[in-house]
Amino acid sequence: MATSVRRTTLSLPAAALGPDNPLPALAGPRDVHRITVPEDAGVPADMARQLAYRPLDSLLPVRRRDGYGRDRTRTDFDALVIENDRLRATVLPDLGGRVHSLHHKPTGRELLYRNPVFQPADFALNGAWFSGGIEWNIGATGHTTLSCAPVHAARVPAPDGGEMLRLWEWERLRDLPFQVDLWLPDGSDFLYVGVRIQNPHHHTAPVYWWSNIAVPEDARTRVLAPADEAWHFGYERTLRRVPVPESGGADRTYPLRSEYPADYFYEIAPGDRPWIASLDADGHGLVHTSTDTLRGRKLFLWGAGRAGRHWQEWLTEPGTPGYAEIQAGLARTQLEHVPLEGGAEFAWLEAYGPLATDPERVHGADWSAARGEVADRLEAALPRADVAAAYAAWRPYADLEPKERLATGSGWGALEVARAGYDLPGTPFTEDTLGEEQRPWLELLRTGDLPDARPDARPDRPGVPGVPGASLVAPPWRDLLESARPSPSSDYHLGVAQWHAGDRAQAVRSWERALSHGRSCWPLYCLAVAEAAAGETGRAAQRYAEAVACAGEGEEEVRRTVLPALAREAVPALIAASRADDAAAVLARLRPSDRARGRFRLLAAQVLLAQGDASGARAVFDEGFEVADLREGDETLSDTWYAIAERLVAGDGPVTDEVSAQARAAHPLPERYEYRMRPA
């Protein structure tokens with residue numbers, strides 16, 4: 001039975017994604033992966049170059065996705081099933097092409113951690129992300145902005161005469177198209193995945209890719225890779241070389257023998273076969289291998305500490321088993337980006353399948369014997385030469401045009417093809433995928449002018465203020481905006497493109513010019529961000545206050561969608577400028593349903609603390625709330641809790657080290673607010 005591909009529906013308890021944040025993502029990414037490398041770390045020269053090579057400094061043109069909550073209802077998701085007589089893979093095309101399940105029929109085993117719910121959380125570069133399965137991470141260090149976005153999908157002929165499932169999309173942070181081809185040869189226990197990233201531009205582009213595989217975890221789960229050393233990254237933001245398997249007095253290849261979340265990037269010797277496996281107490285589990293282009297291997301573990309367990313419950317639901325992640329990438333670590341020359345491509349083949357080993361050898365004290373057992377069993381199940389042969393067989397099929405579309409992604413790739421005329425065999429970004437988001441930019445391309453007189457005009461109601469579309473910031477679009485007729489819309493979007501390019505003075509002038517056409521909360525917000533970036537705390541607070549007032553006078557759509565987004569940023573800015581009463585007034589403008597959300601309950605506590613009402617701030621915490629969009633690595637909850645505790649202990653006096661120690665002893669952080677991913 002060669003691969004067959006069919007449509008189905010997957011039903012899960014799911015939290016709604018909600019709308020994207022309507023404000024442009026002018027602030028840099030909130031990156032927990034910035035690092036300090038000790039001078040004695042012994043970082044290889046090529047790794048050092050790639051650590052420093054064009055790390056992401058902006059989310060533009062992508063918008064943040066933070067409109068989700070924590071209330072879940074039964075929801076149907078479109079799914080695509082790839083199946084042969086041995087394996088069944090279930091893929092979610094509307095959620096980044098995530099492989100939700102990989103089921104081995106002969107043994108009845110689920111090889112992946114299959115999340116029983118869909119619960120977005122703030123782990124992707126742009127916000128919404130969910131745990132479980134196999135995800136395809138492209139763009140920059142972190143989880144892709146496509147985590148909860150649709151991708152194109154279609155049937156394509158497979159090398160063995162069956163069918164492949166092709167996924168493809170245009171990654172917007174680096175402006176690169178990519179494809180993922182999945183198929184199951186007749187009688188194979190391994191899912192084959194061919195991946196290709198193309199650079200159709202003339203310039204060199206930074207590339208990032210990691211395939212993240214969530215696997216079940218318990219006290220006897222062991223992760224093995226062909227390495228005696230690893231690069232350890234913890235949320236203390238340091239990178240250091242450690243021995244494998246034991247470091248710091250514990251065997252770190254067992255995920256639950258660590259307390260805090262951490263990454264271990266395995267140092268695989270050049271020429272050695274790249275693989276990684278997660279095996280249970282009986283020596284059974286999943287193994288991943290690939291052609292040599294995909295050189296990196298990593299273990300991510302949550303650890304057994306209170307915060308790691310809490311995060312696991314947060315991402316799924318209490319009472320469900322935990323998970324770890326085994327991963328494979330283009331570089332040694334996820335902190336690196338790899339240059340891809342103009343007109344070139346990266347391509348490789350991955351294989352995912354079950355592995356049965358001798359548990360005594362796998363869990364024995366001899367690390368060399370344990371990894372040798374896995375290597376031998378893998379070679380018997382899937383010889384390295386067979387992976388190379390499968391890659392060679394796939395390469396001519398990578399250019400085949402899809403024969404039946406099964407899902408539709410975004411229209412951004414089609415817009416880029418319309419602009420530049422790219423020829424991208426195998427990944428058609430066709431005109432029929434262009435949508436409302438691309439409409440004004442297509443008109444700019446065809447006429448030289450953006451169509452709307454105001455940046456907040458609604459296409460369906462000309463002249464009526466609403467929420468503006470997303471900006472485009474790549475140099476060719478910036479050039480078109482600079483040549484366009486001046487208008488509120490073109491000036492606003494030009495400012496965003498100039499800001500992305502680092503030309504902040506020109507961006508400010510463009511936004512001021514947009515304001516000269518009439519008062520609008522969009523350029524006011526942008527100017528507030530610019531003032532804050534320049535260190536002008538008071539002026540930034542005033543601009544935020546003006547933007548909030550402007551949005552509050554807008555139509556219902558603006559008050560409903562824009563006002564909460566502005567309040568999230570305006571309140572901390574006003575507190576920083578010692579304008580706590582004005583910050584309270586901003587919160588009072590919100591609808592009761594918005595004020596009841598966890599993010600705004602936290603802000604309310606911070607406002608009360610700034611107003612001198614520590615008891616009132618503590619009462620907010622005692623009442624309880626959940627911040628649905630709490631960021632990975634964010635310590636705001638614990639920082640605010642202890643700031644309140646210190647003020648309760650100190651009264652009107654100064655907060656000394658002694659007061660701080662007393663506050664921590666008298667007011668321990670409740671478990672429900674414990675999300676710290678590093679030692680306190």
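Trainee: Okay, so the expected span of a helix is 1.5 Å times one less than its number of residues. How far apart are the end C-alpha atoms of helix H9?

Mentor: They are 19 Å apart in this predicted model. H9 covers residues 488-500, and at 1.5 Å a residue its 13 residues should span 18 Å, so the two values agree.

Trainee: Is H9 buried or exposed?

Mentor: Buried means under 20% relative accessible area. By that cut-off 12 of the 13 residues of H9 are buried, so the rest of the structure largely encloses this helix. Among the buried ones are Asp 491, Tyr 492, His 493 and Trp 499.

Trainee: What do those buried residues of H9 pack against?

Mentor: Four helices: H7 (439-447), H8 (475-483), H10 (504-516) and H11 (521-533). After H9 comes Gly 502, with a positive phi near 90°.

Trainee: Switching topic: how do H13 and H16 pack?

Mentor: H13 (residues 556-576) packs with H16 at an angle of about 20°, and their axes are 10 Å apart. That angle makes the two helices, H13 and H16, roughly parallel. The crossing of H13 and H16 is left-handed.

Trainee: Which residues meet there?

Mentor: On the H13 side they include Ala 567, Arg 568 and Val 571, and on the H16 side they include Arg 599, Phe 600 and Leu 603. The residues of this contact of H13 with H16 divide into nine nonpolar, one polar and two charged.

Trainee: And H18, how many residues does it have?

Mentor: H18 runs over residues 636-650, which is 15 residues, and reaches 21 Å from its first C-alpha to its last, close to the 21 Å expected. Its buried residues include Trp 641, Tyr 642, Ile 644 and Glu 646. Helices H16 (598-610), H17 (614-623) and H19 (657-666) are among what covers the buried residues of H18.

Trainee: What angle do H17 and H18 make?

Mentor: They cross at roughly 140°, and their axes come within 9 Å. H17 and H18 are therefore oblique to each other. H17 passes H18 in a left-handed crossing. The contact is made by residues including Ala 617, Arg 618 and Phe 621 of H17 and Leu 637, Trp 641 and Leu 648 of H18.

Trainee: How do the residues of that contact divide?

Mentor: For H17 with H18 the count is seven nonpolar, two polar and three charged.

Terms used. Residues are numbered from 1 along each chain as its sequence is written. This is a predicted model: local features need pLDDT of at least 70, side-chain atom pairs count only at pLDDT 80 or more; totals for chains, interfaces and linings use all residues. Side-chain values use heavy atoms; hydrogens and water are left out. Buried means under 20% relative accessible area, exposed over 50%, partly exposed in between (1.4 Å probe, protein chains only). Contact means heavy atoms within 4.5 Å. Axes are lines fitted to C-alpha atoms, for helices over the stretch in contact, and angles run from 0 to 180 degrees between N-to-C directions. Angles under 35 degrees count as roughly parallel, over 145 as roughly antiparallel, 65 to 115 as roughly perpendicular and the rest as oblique. A crossing is left-handed if the near helix is turned anticlockwise from the far one by less than a right angle, and right-handed if clockwise. Ala, Val, Leu, Ile, Met, Phe, Trp, Tyr, Cys and Pro count as nonpolar, Asp, Glu, Lys and Arg as charged, and the others, Gly among them, as polar.
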